[in-house]
Each structure stands twice: as C-alpha cells, then as structure tokens.
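Here is a short briefing on one structure. Take a look at the sequence and the model first, then read the notes by topic.

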Amino acid sequence: MVPDLQGFQASITEGIPDTLPPARPLDDSVPHAPKRKDILSPAEKKLALRNALRYFDPRHHAVLAPEFAQELKDYGRIYMYRFRPTYPMHARPIDHYPAKCRQAAAIMLMIQNNLDPAVAQHPHELITYGGNGAVFQNWAQYRITMKYLAEMTDEQTLVMYSGHPLGLFPSHKDAPRVVVTNGMVIPNYSSPDDWERMNALGVSQYGQMTAGSYMYIGPQGIVHGTTITVLSASRMLKEPGAKGKLFVTAGLGGMSGAQPKAGNIAGVVTICAEVNPAAAHKRHAQGWVDELITDVDACIDTALAWRKRGEAHSIAYVGNVVDLWERLAARNIHVDLGSDQTSLHNPWAGGYYPVGLGYEESNALMVKDPAAFKQRVEESLRRQVKAINALADAGMYFFDYGNAFLLESKRAGAEIAGKNGEEFRYPSYVEDIMGPMCFDHGFGPFRWVCTSGDPKDLATSDRLAGDVLEAMLKDAPPEIHQQIADNLHWIRSAQENKLVVGSQARILYADAEGRIRIAEAFNKAIKSGTIGAPIVLGRDHHDVSGTDSPYRETSNIRDGSRFTADMAVQNFAGDAFRGATWISLHNGGGVGWGEVINGGFGMVLDGSADSDRRLRSMLHWDVNNGIARRAWARNPNAQWSIREAMKREPRLHVTLANEAEDGLIEKALR
C-alpha cells in the first residue's frame with residue numbers, strides 16, 4: 001500500500017468536510033496570483049459573499065463569512081484557502097484514485113496534474129497558466145468535483161459551469177463523462193471588466209484553453225509548437241536555417257516558459273526576457289533555460305558570443321522586455337527572429353509589466369491605480385514597438401506569437417499598422433507559418449498522458465508513435481513530407497530532451513491519419529499489456545478545428561468568417577456524440593476573454609474494441625471539421641487536404657468552393 005493512500009482516497013470521497021478544517025495562512029513557497037482590482041459595488045460584494053457561502057452548511061457561515069470577506073478584500077477573489085487539501089497535489093497512477101469508473105479516475109488524474117505546483121503558475125489560486133487560466137474558481141468546487149468523479153458510474157455525466165460542478169446527471173455509456181463550459185457569457189457582456197466582475201462574484205471563470213479543460217501537460221505542450229514555429233520561421237529567412245540565428249522574445253511564466261527550450265531544440269540562440277525573477281529562476285531550475293543574466297548588455301554580449309560559435313543556447317534576461325528591445329536597437333544588433341509571448345491577453349492584470357517599474361511596484365499599481373497602470377502599459381507597448389520596428393527595418397523577421405501583442409499594441413496607439421490595406425505591420429505566426437503549413441493540412445498538437453505514471457510506458461508510447469510516423473514518411477506526398485519528418489525527429493529525440501513536467505505526457509503534431517494510427521497502436525499495446533494502464537488522448541485547443549480566434553488560430557481565414565465561431569462550437573458538439581470522454585467549450589484563450597471561442601476534448605483509451613470505435617470516429621471528425629472550414633475559405637493547402645480525406649473515406653462529402661476570376665468580379669462592380 002502506498003503511504004497514506006487510504007487517507008488520500010478518504011479525502012477525495014469526503015468532498016466538503018463535515019468539520020471545518022483549520023484556517024490556512026498564505027503559503028509563500030509557491031507563486032501567487034496578483035491581487036485583482038476592486039471592481040465590485042458594495043451590493044455586489046454582499047452577493048459575492050452570499051454566493052461563496054452557498055457551498056457550506058449554514059452552521060459554518062459565522063466562521064466563514066468574515067474569512068471570505070477578508071479574502072475578497074485582500075485578493076479581489078474568494079479562493080477558500082482553508083479548504084485547500086493537505087495532501088500533495090500531483091498526478092497519481094490511475095489505480096490510486098477512488099472511482100467506480102476508469103474514465104472518471106483518468107479525469108481526476110488530469111485535474112490534479114493541472115494543479116501540480118511543478119506545472120501550475122499559481123496553484124493555490126487554482127490557476128494553471130496565463131495569469132488567469134483557471135481550473136476552478138475556489139477549493140470548494142475542486143472538492144465537490146473530485147467527490148462526484150469518485151461516485152460517478154459510466155451512465156452518468158458531470159456538468160461543469162465555469163468551475164462549478166452543477167451535478168451528476170443520468171446519461172449513457174456513449175455520452176461524455178464530463179461536459180465543461182467556461183466563460184460562456186452573453187456576447188455583449190464579454191469585456192475584460194465583465195470577466196473581472198463575474199469572476200469576483202464567483203459565477204464565471206476564464207478557462208484559457210487547456211487549463212479549464214484538464215488537458216495541460218506543462219510547458220512541453222508548447223515546446224513542440226514553438227520548435228516547429230521557430231524552425232519554419234528560420235526557413236523563411238534570406239539565409240534559411242536555424243544554426244547561428246538569434247531569436248529574441250519575452251515571457252517565462254506558463255506557456256511562454258517553453259520558448260528557450262524550443263529554441264535550443266531548433267538550434268537558435270535565444271534571449272527571452274522575464275520581469276518576474278521567480279518565474280525565471282523556476283525555468284532555470286527545471287532546465288528549460290540555460291542561464292540567467294540581469295545586465296542587459298552582458299545578456300546581449302553573451303548571446304552574440306554563442307551566435308558566433310554557431311551553437312544553440314538560451315538566456316533569460318531577468319528584466320523588462322522593453323529595456324532589452326531598446327538596447328538591441330540602440331546597439332544596432334542584427335536580430336534574425338523576433339516575437340513576444342507575454343500574457344497580453346490579460347494586459348491590465350499581470351499579463352504585461354510596464355518598463356520603469358519593478359515587478360512588485362507594478363503589482364501594487366495595478367490595484368491601487370488601474371488607470372495609471374494602464375497608461376504605463378500602453379506607453380511601454382509603444383516604446384517596444386518602436387524598437388522592434390527599427391530592428392525589423394534592418395532585416396529582422398518579427399511575428400506575433402498569438403498572445404494579442406499586435407492587437408494590444410494597436411489599441412495602445414503604437415506604430416503597428418500594416419501597408420497596402422493589411423491590418424498589422426507584422427503577421428501572426430498562424431498567417432505565415434502554422435496556418436498554411438500545419439493547420440490547413442490537418443497537423444496540430446496531438447497529445448497523450450500515460451495514466452500509469454510509469455516513464456517506461458511513456459517511452460513505449462514514444463517508440464510506437466515514432467514507428468507510425470516512420471511508416472507514413474515512406475509514402476508521404478511532398479505536400480506533407482516535411483511536417484511528418486519534423487515530427488518524427490521530434491518524437492525520436494523526446495526522451496533526451498527531458499520534456500516531462502508533471503504527468504508522463506507527450507505531444508507531437510499529427511494529421512488525422514497520423515492521430516488515428518498512433519491511437520490505434522496505443523490501444524493495441526494497452527490490450528496486450530505492453531503499456532500497463534489506459535492512455536488519455538487530447539490536444540491543445542490551439543489546433544485545426546478546436547478554436548475560432550481571428551487574431552491567432554483562424555487569422556489565415558480570409559473569406560470574412562474569421563469572427564464567427566461555428567467551427568469551435570460544432571467541434572465541441574461533434575466530439576460529444578462521436579466518443580469523447582470529456583468535452584469543453586470556452587470563451588477566451590491565449591488571446592483574451594471575448595476574443596476567441598475554443599473547444600477541447602479528452603479521450604480515455606483502455607485497450608477495448610469500444611476505444612477503437614470511438615477513436616476512429618472522433619479523431620477523424622476532430623481534424624477534418626477544421627480542414628473543411630479552411631477549404632471553404634479557399635485556403636489552397638486545405639483544399640488539397642480535404643480532397644485527399646474524401647478519397648480515403650467514402651462517407652465524407654464536403655462542400656467545395658468554386659473560384660471566381662478577379663477580373664470578372666472587378667468588372668461586375670464597376
């Protein structure tokens with residue numbers, strides 16, 4: 001018996017304790033979310049308190065009411081710290097979870113991985129990444145959800161409203177075990193302040209993409225996407241290739257922490273600015289960045305020395321990104337590749353820190369004087385863009401990495417407007433790189449988690465996935481040969497790159513055929529015992545079909561439909577009745593609340609024929625839904641890909657776009 005396994009299981013099945021646990025002081029051993037601004041009216045504060053107390057028996061209200069009121073005053077939210085479990089928070093082997101249903105046990109594992117302090121950005125505030133990407137709003141919701149999952153049978157479905165477990169409802173074996181929605185508010189109430197207000201009231205939350213849908217696997221999830229992006233961007237330079245190239249960017253917090261590791265794998269020299277020393281030191285301790293430097297000139301000089309050697313190396317500049325860009329411009333340093341991955345989807349509440357203020361000073365100002373903080377942020381963005389423009393004019397290839405950098409810079413009045421009718425001076429990485437090269441062909445961030453927690457199972461899954469890609473590469477058409485080759489190299493190198501943080505998980509970019517063949521190989525291995533426990537399949541929502549995001553995932557949709565969200569909603573619904581174990585639909589993602597709708601899924605493979613049936617049906621739809629939409633938008637690579645898909649699957653019939661001649665249209669409109 002694992003030490004205290006019985007105590008852990010008893011705590012899960014207990015839910016909300018009948019006897020109040022002792023109050024818990026703030027634990028300074030982990031990073032905490034910044035204080036949120038005081039946005040509620042006096043009447044709304046009463047409502048927030050009333051909403052929080054409804055989770056508890058009235059006999060406890062006299063103790064909890066003043067405590068929760070103090071949390072609301074001190075932090076701008078009611079997190080219910082008293083109810084944070086005392087057991088260590090991390091993904092355990094699936095057999096350690098008390099459950100009547102293996103699918104439910106797998107979901108519990110995934111929830112705990114999202115809240116693991118080694119994985120999560122602000123674990124005690126239940127925030128996984130991005131400054132506000134929450135799994136739950138408070139610890140009562142966590143406790144009730146885990147209790148429901150322990151009780152669930154395979155003929156029930158748990159309904160989750162923005163972190164709140166609405167309840168277990170009767171369903172059937174083919175239904176999803178959990179249906180998650182986050183932030184699904186009425187469209188006219190989707191401004192950042194609306195989120196602040198509703199989150200403070202305890203009635204809605206920002207689930208980001210994989211945070212609120214229990215599918216985050218640590219920064220590895222974006223390491224691969226960043227590696228592919230940097231490799232592809234380097235191939236677009238006047239002198240193609242990554243070796244000896246300098247890549248400058250920012251952000252080492254949650255998702256952004258993957259950038260230096262990806263830069264090393266791609267072969268470039270990376271400087272990544274990070275204003276929060278704790279985040280920089282965390283990534284260095286994890287081995288995701290090679291060294292930390294606090295002096296900007298020493299940082300630049302070190303990078304130039306590594307570039308001269310032609311060797312990959314990553315440096316965290318512990319300071320403000322504006323200082324870095326301005327110093328590079330002042331010294332006329334040639335930068336090959338530039339980007340930014342600060343959390344600009346959340347610019348006024350800790351996602352971006354203004355130049356000239358320290359980290360703690362900024363955190364204080366954003367609460368004390370939000371208007372002044374906003375003014376400082378906008379001034380910083382204008383200065384950052386000015387320096388970037390100077391370097392771009394000298395030959396740097398700069399791209400927006402999907403964090404709303406271009407959008408917020410434009411709103412701040414920076415010189416970011418494009419030429420010849422283009423909206424922005426610089427492309428989103430999806431427009432130039434991931435859209436045409438990957439998404440239009442159906443390649444996206446397929447991922448899996450070995451629920452045994454055994455590294456040997458992960459190594460076996462790596463080998464099986466590599467074998468599938470190797471076989472596919474032999475007959476791959478030229479349109480997708482490079483994509484398969486890049487991913488084959490990635491998976492064969494995965495073990496040596498030491499990418500695991502938290503659960504035993506892996507990611508690679510694959511198309512529908514690749515995902516299905518890899519999943520079939522896993523299911524066969526589970527059945528035979530070659531892999532010792534079920535595997536959870538999933539993906540980042542940042543994918544072919546799952547997300548409608550006009551400034552990121554669908555930024556290369558040019559038929560006027562990029563502000564519509566039919567694709568993401570259809571994806572969510574279609575996955576539900578094609579076999580997903582759980583599904584999620586969110587307002588908000590990497591580019592901000594109100595800027596995107598995204599849908600996700602999780603699927604448990606258990607070695608059964610039922611899993612084979614589900615994976616073929618659902619994975620085929622999950623990819624081809626997006627390819628079909630992109631083909632209808634007249635994207636050439638998607639048109640080729642959907643025709644190939646229809647050849648392979650005779651039951652697939654997709655409406656194809658007919659092209660109209662430019663001259664004919666111009667003549668008709670004279």
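Met209 lies in the loop between α6 (192-201) and α7 (220-234); helices (H or I, at least four residues) are DSSP runs, numbered from the N terminus. This is a predicted model, in which local features need pLDDT of at least 70 and side-chain atom pairs count only at pLDDT 80 or more, while totals for chains, interfaces and linings use all residues. Residues are numbered from 1 along each chain as its sequence is written, and side-chain values use heavy atoms, with hydrogens and water left out.

**Met209**
- Met209 is buried, at a relative accessible area of 2%; buried means under 20%, exposed over 50% and partly exposed in between, with a 1.4 Å probe and protein chains only.
- Leaving out residues up to four places away in sequence, Met209 touches Tyr129, Asp540, His541, His542, Thr547, Arg552, Glu553, His586, Gly589, Gly590 and Asn598. Contact means heavy atoms within 4.5 Å.
- Glu415 is 206 residues from Met209 in sequence and 30 Å away in space, C-alpha to C-alpha.

**Nonpolar cores**
- The largest nonpolar core has 148 residues. Such a core is a set of buried Ala, Val, Leu, Ile, Met, Phe, Trp, Tyr and Cys residues joined through side-chain atoms within 4.5 Å.
- Among the residues with the most contacts inside this core are Phe68, Tyr214, Trp448 and Leu537.
- Beyond its neighbours within four places in sequence, Leu537 contacts residues including Met215, Phe446, Trp448, Phe522 and Leu619.
- A second, separate core of 47 residues includes Ala329, Tyr352, Val355 and Leu391.

**α11 and α13**
- The axes of α11 (residues 321-330) and α13 (residues 370-393) come within 9 Å and cross at roughly 30 degrees. Axes are lines fitted to C-alpha atoms, for helices over the stretch in contact, and angles run from 0 to 180 degrees between N-to-C directions.
- That makes α11 roughly parallel to α13. Angles under 35 degrees count as roughly parallel, over 145 as roughly antiparallel, 65 to 115 as roughly perpendicular and the rest as oblique.
- Val321, Trp325 and Ala329 are among the α11 residues in this contact, and Arg383, Ala387 and Leu391 are among those of α13.

**α16 and α18**
- The axes of α16 (residues 455-474) and α18 (residues 512-528) come within 9 Å and cross at roughly 140 degrees.
- That makes α16 oblique to α18.
- Contacting residues include Leu464, Val468 and Met472 of α16, and Arg517, Ile518 and Phe522 of α18.

Technical notes:
Helices (H or I, at least four residues) and strands (E, at least two) are DSSP runs, numbered from the N terminus.
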